[in-house]
Amino acid sequence: ILMRTLILLSLVLLGLSFQSCKHSYRISVKEPAVIKIPEDTKVIGIINNVNQENSPEKVIASMLGSQQLNGNVAAAERAVDGVLRALSDSQDLRGEIVEMDSAYLSNGKLNWDVLDSLAAARGIDGFIELSEIRTVSPVGGTVLANAAGQQNNRLSGTLFMNVHVVSTGEDHERFSVNKTYNIPISGSTNIIDILNDIQRKREYYRALGFQLGYRAGELVYPNWEWVGRKYYTRGTPALKAAKDMLRNGNWGIAEKRLLMDEEYKKLNKRGRVLFNLALVKEAQGEIDMAIQYAERSALECDNKEANEYLVKLRLRKRQIEEL
């Protein structure tokens, strides 16, 4: 009995020791830009081409005789602010509002030759054109929804955009982003409640526009996403030395340290180094390199954790390609 107990205790301690070699935590990984523009693109002109003439009218009901509001146009005005904010949040790009009626051709499209001249004069590297906004809300609007006793009113929007790069002449056309709000309403037929609900709907059109603009701006630069990952902390000198670098997101220096043990003589420990290198490359946004390191860990060193990691990496690669 004593011998069995000692054996069982040894197995438990061995398991705990193995588990202590790995740590789980959340890291931010880089998602490549949906619309890829040159790295030297820094200043982007923003053109709002949504107006009363070219936008299907989505009238928000008037309030006590006040002027009616085209919801699409109102959303587009705030979409410009959303793009500006998104570019600013990239910490690498800056937006400038561009207004030029003479830059349009007879078919309503932008004359990029005119805009290229403007870009040279103002130091603009590219343009984002908000070409169309489509909003969808229930037929009958707020008044009918209140009469039916509903508690919310659904508002959906799609923003279409074009991107022009001055240095290369590249055009990226007809990209779109979407956003939906469920607008809370009173469900009352009281005139004061209805007026308040109409005013709230106006505000939601503008909020919708801002969010659409922000999402549009995010398409032109890489974004970061939080994911749960494991990494090894023990096994070779490099694994031990790099653990705090990984924890703090110092990917470049962690990579250099891990590469010192890339060809470590013991296969199981080399597999851990390759696994951590895959994690580093994923965090740097280099999915193909991450897959290569994970494959080496699995094939050369029979690392079972690498097999599971490969599934996640290949799924991310497919998602990025679909974008």
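## Strand β8 and R174

R174 sits in strand β8, which covers residues 171-184; strands here are DSSP runs of E with at least two residues, helices are runs of H or I with at least four residues, and both are numbered from the N terminus. The phi of R174 is near 60°, a positive value in a residue other than glycine. Its relative accessibility is 41%, so R174 counts as partly exposed; that label lies between buried (under 20% relative accessible area) and exposed (over 50%), using a 1.4 Å probe and protein chains only.

A quick word on the model before we move on. This is a predicted model, in which local features need pLDDT of at least 70 and side-chain atom pairs count only at pLDDT 80 or more, while totals for chains, interfaces and linings use all residues. Residues are numbered from 1 along each chain as its sequence is written, and side-chain values use heavy atoms, with hydrogens and water left out.

## Helices α6 and α7

Two packed helices are described by the angle between their axes and the distance between the axes. For helix α6 (residues 237-247) and helix α7 (residues 251-259), the angle is about 175° and the axes are 9 Å apart. Axes are lines fitted to C-alpha atoms, for helices over the stretch in contact, and angles run from 0 to 180 degrees between N-to-C directions.

On the α6 side, the contact is made by P237, A238, L239, A241, A242, M245 and L246, and on the α7 side by W251, I253, A254, R257 and L258; contact means heavy atoms within 4.5 Å. These residues divide into eleven nonpolar, no polar and one charged. Here Ala, Val, Leu, Ile, Met, Phe, Trp, Tyr, Cys and Pro count as nonpolar, Asp, Glu, Lys and Arg as charged, and the others, Gly among them, as polar.

## Helix α7 against α8

From α7, the residues W251, A254, E255, L258 and L259 meet V273, N276, L277, V280, K281 and A283 in α8. This contact divides into eight nonpolar, one polar and two charged residues.

Helix α8 spans residues 267-283, and its 17 residues reach 24 Å from first C-alpha to last, close to the 24 Å expected; the expected span is 1.5 Å times one less than the number of residues. Of the 17 residues, 14 are buried, so α8 is largely enclosed by the rest of the structure. Just after α8, G285 takes a positive phi of about 85°.

R270 is found in α8 and, at 14% relative accessibility, counts as buried. Beyond its neighbours within four places in sequence, R270 touches D261, E262, E263, Y264, K265, E300 and C301.

A294 belongs to helix α9 (residues 287-301) and is buried, with a relative accessible area of 0%. Setting aside neighbours within four places in sequence, its contacts are A278, A306, Y309, L310 and L313. A294 and V273 are 21 residues apart in sequence and 9.9 Å apart in space, C-alpha to C-alpha.

D302 lies in the loop between α9 and α10 (304-322). At 54% relative accessibility, D302 counts as exposed. Its phi is near 55°, a positive value in a residue other than glycine.
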